[in-house]
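Please keep the sequence and the structure in view while reading.

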Amino acid sequence: MTTKTSLLKVILLGDGGVGKSSIMNRYVTNKFDAHLFHTIGVEFLNKELEVDAHQVTLQIWDTAGQERFRSLRTPFYRGSDCCLLTFSVDDSQSFLNLGNWKKEFIYYADVKEPEKFPFVVLGNKVDVTERQVSTEEAQQWCQENGNFPYYETSAKDATNVAVAFDEAVRRVLALEERTDHLIPTDTVKLHRKPRSAISCCS
Ligand SMILES: Nc1nc2c(ncn2[C@@H]2O[C@H](COP(=O)(O)OP(=O)(O)OP(=O)(O)O)[C@@H](O)[C@H]2O)c(=O)[nH]1
């Protein structure tokens, strides 16, 4: 019997500095760098995991949050299976911008049925003491904007990072019409590159 692997593309969006690269690095390499440079364009890393007895190769795309890199990141939205809308709990503006990120994604990914698309919201940097966004207001935004799951994460101390990705995978797998992603593991090439060829710095 041939085992099946789902190849899923998950994309991280959010303002510059909220911690998207750090979340990806924490999840894939279990490391945290307090002095990361801003991402320019996009980067991706792969991670293999098993969720509910389902083998998954997760392709995680980290994007540049700064406005000046908009044209470099948007071409990579298409084909995403899940979008992690990310803000930082110590930066209220990054929270207020979540709606713009959602809109930008829906437009450039050309999502046909936005109300069915699996978004997950991450409130990062929960390790900080000075919060500007409360858990309640973030949960309320998620409820009002599509009943999205909400996770408070810390790339610094790893709080909820793996749990959030697991939930993202579950949401995608729960959708019907996933059969197009089911590829026999003996035919798919599972890349294990630390950084993509199209990536720029971080
Ligand atoms: N305290 C704390 N700092 C964090 C956390 N996540 C990221 N940082 C720091 O926040 C800064 C920005 O992190 P990045 O991961 O580069 O942010 P980004 O969202 O990828 O930024 P862009 O590449 O500009 O879009 C870095 O100095 C990180 O070390 C966290 O969970 N807690």
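Lys116 is exposed, its relative accessible area being 51%; exposed means over 50% relative accessible area, buried under 20% and partly exposed in between (1.4 Å probe, protein chains only). The side chain of Lys116 forms a salt bridge with that of Glu113 (3.2 Å, N to O), and Glu113 is partly exposed at 41%. A salt bridge here is a side-chain nitrogen of Lys or Arg within 4 Å of a carboxyl oxygen of Asp or Glu.

The model is predicted: local features need pLDDT of at least 70 and side-chain atom pairs count only at pLDDT 80 or more, while totals for chains, interfaces and linings use all residues. Residues are numbered from 1 along each chain as its sequence is written, and side-chain values use heavy atoms, with hydrogens and water left out.

**Salt bridges**

The whole structure contains 10 salt bridges. Three of them are listed below.

| Salt bridge | N to O distance | Relative accessibility |
|---|---|---|
| Lys116 and Glu113 | 3.2 Å | Lys116 51%, Glu113 41% |
| Arg131 and Glu152 | 2.7 Å | Arg131 33%, Glu152 16% |
| Glu67 and Arg73 | 3.9 Å | Glu67 53%, Arg73 0% |

In the bridge between Arg131 and Glu152, Arg131 belongs to the loop between β5 (119-124) and α5 (135-144) and Glu152 to strand β6, so the pair ties together parts that are 21 residues apart in sequence. Helices (H or I, at least four residues) and strands (E, at least two) are DSSP runs, numbered from the N terminus. Arg131 is partly exposed, whereas Glu152 is buried.

**Aromatic pairs and charges over rings**

There are 13 aromatic pairs in the structure. Rings of Phe, Tyr and Trp (its six-membered ring) pair if their centres lie within 6.5 Å; planes under 30 degrees apart count as stacked, over 60 as edge-to-face and the rest as tilted. Tyr27 and Phe165 are stacked, with 4.0 Å centre to centre and 5° between the planes. Their pair links distant parts of the chain, 138 residues apart: Tyr27 is in helix α1 (residues 20-29) and Phe165 in helix α6 (residues 161-174). Tyr27 and Phe165 are both buried.

Phe87 and Tyr150 are likewise a stacked pair, at 6.1 Å centre to centre and with 10° between the planes. Here strand β4 (residues 82-88) supplies Phe87 and strand β6 (residues 150-152) supplies Tyr150, 63 residues apart. Phe87 and Tyr150 are buried. Ring pairs also join Tyr77, Phe105, Tyr107, Tyr108, Phe117, Phe119, Trp141 and Phe148 into a cluster.

The charged end of Lys47 sits over the ring of Tyr27, 4.8 Å from the ring centre. Lys9 lies over the face of Trp61, 4.6 Å from the centre of that ring. A charge sits over a ring if NZ of Lys or CZ of Arg is within 6 Å of the ring centre and within 35 degrees of the ring normal.

**Strand β4**

In β4, 7 of the 7 residues are buried, so the strand is largely enclosed by the rest of the structure. Side chains in a regular strand alternate between the two faces of the sheet. In β4, Cys82, Leu84, Thr86 and Ser88 point one way, and Cys83, Leu85 and Phe87 point the other way. Strand β4 pairs with β5 in the parallel sense over 6 bridges, where pairing requires that DSSP finds at least two bridges between two strands. Ser88 has Asn124 in β5 as its bridge partner.
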